Amino acid sequence: MLKTTVLCAAIAAALFNPRSASAADDKELAAIRAQIREMKESYEARLQSLEQRLQDAQSAAAQAQNEALASRQAPPAAAVAAPAAVAAAAPAGKNAFNPSIALVLGGTYANLSRDPDQYRLQGFLPPAGEVGPGRRGFNLGESELTMSASIDPIFSGQLTFALSGEDTVGVEEAFVQARGLARGVNVKAGRFLSSIGYLNNKHAHTWDFVDAPLAYQAFLGGQYKPDGLQATWLAPTDTLVEIGVEVGSGSSFPGNERNKNGIGAAALYAHVGDDIGASSSWRAGLSLLRTGSAERQFDDIGSFTGSSRMLIADAIYKWAPNGNATQQNFKLQGEYFRRKETGNLTDGTDTGSFNSTQSGWYLQGVYQFVPNWRAGLRYDRLTSGTPSIGLSGSLPLLDAFSPVRTSAMLDYSPSEFSRLRLQLARDRSRPGVTDNQIFVQYIMSLGAHAAHAF
């Protein structure tokens, strides 16, 4: 600033005092020219510095955008717990604690060669819940309405309504959750989809097929949704190690409402997983469930009272080139169930002992061969075994049999919020009866929707 003032004074003197200017010697003029040159160089240096800072900012923004795009690709198994860390952080802003609302709309068209009213899983006590292929023709299917939000820096909550095509509304999930309490411990209370097995805690709109595997229908009535408490511990290791315990009222199938105090059902599970290079990941688990029932009705002619103990082994393998699942990916998944029930069976007039050991499994593979298009195959099989029944009469419903089903599907997803699916199935759940099934399904998601687990 001082140099500019001196320079301006010298120029003014030269303009308004020609005599003084003519008397100025060459040395003073040279000094003025040097000052002008110095100012010019200074301004040019500052301009170049600003241009460099702008280029650096643009490069940093481009790099951040690329990293954000990469982070949206399919996560490896070791990063399964990442959504928990994100949800634990309270959002900012005056609307931070307003609930996000998500709506899932679904519908199907079913063409069945056999009357679905006659459907049964031969050899198994009819479970209460979603069993069978559903009704023929056009069906609204089940829609879901979910509201969720952070409550404070510790707690968050979620409520999910299930709206059926029969104009009924049920509470699918309603829970509060505390994350990261201490050393990787998370706690959930209320009604929730249990984390036993692999598929059980996935909402129906995320399934790879229209319906649940036969093992889920026979042993869990579709899905196991306890009312109670869940505590999980995530080990601080690079390899995924998760251990969980659940206790509940025991009112969810294979249990039923028993009007009792205390714990009616308990479950224990463990999951482990890791990456295989940059393109593959896996997860495996083992779950135990123990519950009981009191006069659990079946077929309106009898009931079961006793205990139920179940073991579930699950495994899943995922592959995507360099972890990028947008172009191609493959998923192989399977689960094995084994259940032992002991108690008393009533056929309406007589009561006798009942002891059965039953099992079932499924294996499915789904391949996304080009963006937006997937194809999949699934094979289901159940083994009823021959139960020990202490009744004088016979129960043809429980005659030994091994139901099987084979399903194939093709689906198209224009975006992550919509999916159209065609499924063909050959179901042999009863002796001498084959049900050829054709399903057309749509699934549409509206509003905010949380990321799906591994």
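Predicted model: local features only at pLDDT ≥ 70, side-chain atom pairs only at ≥ 80, totals over all residues.
## A buried salt bridge, and others

Asp-211 and Arg-378 pair up in a salt bridge, with their closest N and O atoms 2.7 Å apart. (A salt bridge here is a side-chain nitrogen of Lys or Arg within 4 Å of a carboxyl oxygen of Asp or Glu.) The pair ties together distant parts of the chain: Asp-211 sits in the loop between β6 and α5 (214-220), Arg-378 in strand β14, and they are 167 residues apart. Helices (H or I, at least four residues) and strands (E, at least two) are DSSP runs, numbered from the N terminus. Asp-211 counts as buried because its relative accessibility is 10%, and Arg-378 counts as buried at 2%. The scale goes like this: buried is under 20% relative accessible area, exposed is over 50%, and partly exposed is in between (1.4 Å probe, protein chains only).

The structure has 15 salt bridges. Another one joins Glu-166 and Arg-135 (3.6 Å, N to O). This pair also links distant parts of the chain, 31 residues apart: Glu-166 is in the loop between β4 and β5, and Arg-135 is in the loop between β1 (100-112) and β2 (137-139). Glu-166 is partly exposed at 48% relative accessibility, and Arg-135 is partly exposed at 44%. Then there's a network of salt bridges linking Asp-208, Lys-331, Arg-374, Asp-411, Arg-419 and Arg-421. Within it, the side chains of Arg-419 and Asp-411 meet at 3.8 Å, N to O. Asp-411 is buried, with 0% relative accessibility.

Residues are numbered from 1 along each chain as its sequence is written, and side-chain values use heavy atoms, leaving out hydrogens and water.

The mean pLDDT (the predictor's confidence in each residue, from 0 to 100) is 84, and 78% of the residues reach 70 or more. A contact means heavy atoms within 4.5 Å. Residues 1-8 also stay under 50, with seven contacts beyond four places in sequence.

## Overall build

The protein has five helices and 18 strands. Of its 454 residues, 36% count as buried. Among contacts with a separation of 6 or more, 62% are between residues 24 or more positions apart. Not counting residues up to four places away in sequence, Asp-399 touches Gln-122, Gly-123 and Ser-384.

Strands β4 (residues 155-163) and β5 (residues 169-178) run antiparallel and are joined by nine bridges. (Two strands pair if DSSP finds at least two bridges between them.) Gln-158 has Phe-175 of β5 as its bridge partner. Five residues lie between the two strands of this hairpin.

β5 also runs antiparallel to β6 (residues 185-191), with five bridges, and Ala-178 stands opposite Val-187 in β6. This hairpin has six residues between its strands, and Gly-180 in the turn has a positive phi of about 60°.

Most residues other than glycine have a negative phi, and most peptide bonds are trans. Asp-167, in the loop between β4 and β5, has a positive phi near 65° and is exposed at 73% relative accessible area. Asn-322 has a positive phi of about 55°; it lies in the loop between β11 (302-319) and β12 and is exposed at 67%. Phe-253 and Pro-254 are joined by a cis peptide bond, with omega about 15°.

## A greasy patch outside

Which residues form a nonpolar patch on the surface? Trp-233, Ile-243, Val-245, Leu-268, Leu-286, Leu-288, Leu-311, Leu-332, Tyr-336, Trp-361 and Leu-363 do, with about 900 Å² of accessible area together. The elements giving two or more residues are β8 (240-248), β10 (280-298), β12 (329-346) and β13 (351-370). Patches take residues with over 30% relative accessible area and no salt bridge, joining like charges within 9 Å and nonpolar side chains (Val, Leu, Ile, Met, Phe, Trp, Tyr) within 5 Å. Accessible areas come from the Shrake-Rupley method with a 1.4 Å probe; for residues, only the protein chains shown count as cover.
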